[in-house]
Amino acid sequence: MTPEEKAAAKKAAAAEAIAKAKAAKEAGADTPSEAAPPAPKPVSEMTPEEKAAAKKAAAAEAIAKAKAAKEAGADTPSEAAPPAPKPVSEMTPEEKAAAKKAAAAEAIAKAKAAKEAGTDAPSEAAAPAAKPVSEMTPEEKAAAKKAAAAEALAKAKAAKEAKESAQQGDGASSAEGADAEAKAKAAAAAKAKAAAAAAAKAKAEREAGGSPADGGDDDAKAKAAAAAKAKAAAAAAAAAAKAKAAQATGDGAEAAETPKAPSKNQPYLDKYVLRITEKFGKEVLEASYINELAKEVPTLVIQNERWHEIAQFLKEDEQLAFEYLSDLHGVDYEDRMEVYYHLYSYKNRQSLAVKVKTSREQSSVPSVMDVWNGANWNERETFDLLGIHFPGHKDLRRILLPDDWVGYPLRKDYVQYDEEV
C-alpha cells in the first residue's frame, strides 16, 4: 500500500472499532460473543479431516491478521483493544453492570473458541514475529518498538480500569480484605491510646483529690482495681509455686534450719573455755559465744566475784598469755551494768573479749589495775561517767568532771542537776 492507502486503512479500522464498541454498548455487550468465530459443531464431534481443516483455517487467519497489522504500521492491535469511551469512575451503575457482563461474555467466548480449536488458537493469536529482530530494517525495528509500547500502554489502561471497577463494584471486598490487617492494627492502636488516656485522666483526678466526672472514669478505676487484683493474685501464685518448688527440692524451711558453719575462731573459744574450766570450774562462766557483730571475736561472760583471779590467770597462763588490755569501758543496759574488756595476746596473735555484769543500784566490779596497769585511767573514766566502782583501784576518783559534780552523765536515767551548766 501507498502511505495514503495505509493512512486510510488505519482510519477505517479505527472508525470500525469505535462503531463496534458503541454497538456492543447499546446491545448490552453481547456482540463480542457473537463476533467470535462460529463453530458449526463441537470439536469432539468433528472428523479428523474437519479438525485438520479447522486448524489450518485458524492458522491462515492468524497469518493474514499479522500481515495486515504489519502493513498498517503495527497499530491495529492497540486499536483493537476494548475501547473505553469514558473512565469507570464516570460510568452509571447500569453502564458498569453492562461492562462487567460484556467482559464476562467475552472471556467465556474466548475460552470456548480456544477449546474447540484444540487450544492452539491462543498461541497462534499472539503477536507473530515475521522475522528475528536481527534481520529487521531500522524502520521495522522502530515500528515493532512503537507497537510494543502501544500494547503495553493499552494493557496498563485496561488493568487500571478493571481495578477501579472491582473497587467500586462487587469486587470491593477483596480490596477490603487486603487492608484488613492495617485496619486492625490501627484499631488496636486507637484502643490502646484511648485506654492510656483514660488511665492518665483517672490518675490525675485521684492525685488531685477530685471525684470522677462521669461513668467512664469509674470504669477506668474498676479496670485498674481489677488489674491490680490480678497482679497481686499472680504474685501470690508465683510465691506459692516458688515455695512448693523449694520444698520439693529440699531448699525451703529445711535449708533454713541447717546450722551455720562454725566460725574460724571457734577453736580458740573452745581452747579458752577449756583452760578456764579446768582451773576454776564451769560455774565461773555465765556464757561463752562468738560475737558475730564484732568481727567474730571469742567472748566470755565471767562471774563478777571471780573476775580478778581469772584476769590474773588469763595474763599469766603460758597457753593464753593475754598480756595486753586494749580496751575497757562500761555500758548501761537499764536493768544492769556491764564492764567490757578487750584482751590481746601478742605471743599467740589472738583476741578475747570479757564481760562482767553488775547491778545498777550497787555497781561494783573488781579492779584489774594491778594486772594490767593500763586499766588505771579506763576504770576512772567508767567510774566518772557511769558510777561503776572498782574495788582495789589505788586512786579511784573523777577524771573528766569536777569532784562536786552530781550524777553520772552516761547513765540513761541521768538528770542534770544544775540547769545553767
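Seven aromatic pairs are found in the structure, which is a predicted model. One of them joins Phe280 and Phe313 in an edge-to-face arrangement. The ring centres of Phe280 and Phe313 lie 5.5 Å apart, with 85° between the planes. Planes over 60 degrees apart count as edge-to-face. Phe280 belongs to helix H12 and Phe313 to helix H13, so the pair ties together parts that are 33 residues apart in sequence. Phe280 and Phe313 are both buried.

A tilted pair is formed by Trp307 and Tyr341. Their ring centres are 4.7 Å apart and their planes meet at 40°, so the pair counts as tilted. This pair, too, links distant parts of the chain. Trp307 sits in helix H13 and Tyr341 in strand S4, 34 residues apart. Both Trp307 and Tyr341 are buried. Ring pairs also bring in Trp372, giving a cluster of Trp307, Tyr341 and Trp372.

Trp307 and Phe313 are among the buried residues of helix H13, which spans residues 307–316. Viewed down the axis of H13, the buried residues fall within an arc of 160°, so they line one face of the helix.

Arg336 lies over the face of Tyr333, 4.3 Å from the ring centre.

Notes
Residues are numbered from 1 along each chain as its sequence is written. This is a predicted model: local features need pLDDT of at least 70, side-chain atom pairs count only at pLDDT 80 or more; totals for chains, interfaces and linings use all residues. Side-chain values use heavy atoms; hydrogens and water are left out. Buried means under 20% relative accessible area, exposed over 50%, partly exposed in between (1.4 Å probe, protein chains only). Helices (H or I, at least four residues) and strands (E, at least two) are DSSP runs, numbered from the N terminus. The arc is that of the directions from the helix axis to the C-beta atoms. Rings of Phe, Tyr and Trp (its six-membered ring) pair if their centres lie within 6.5 Å; planes under 30 degrees apart count as stacked, over 60 as edge-to-face and the rest as tilted. A charge sits over a ring if NZ of Lys or CZ of Arg is within 6 Å of the ring centre and within 35 degrees of the ring normal.
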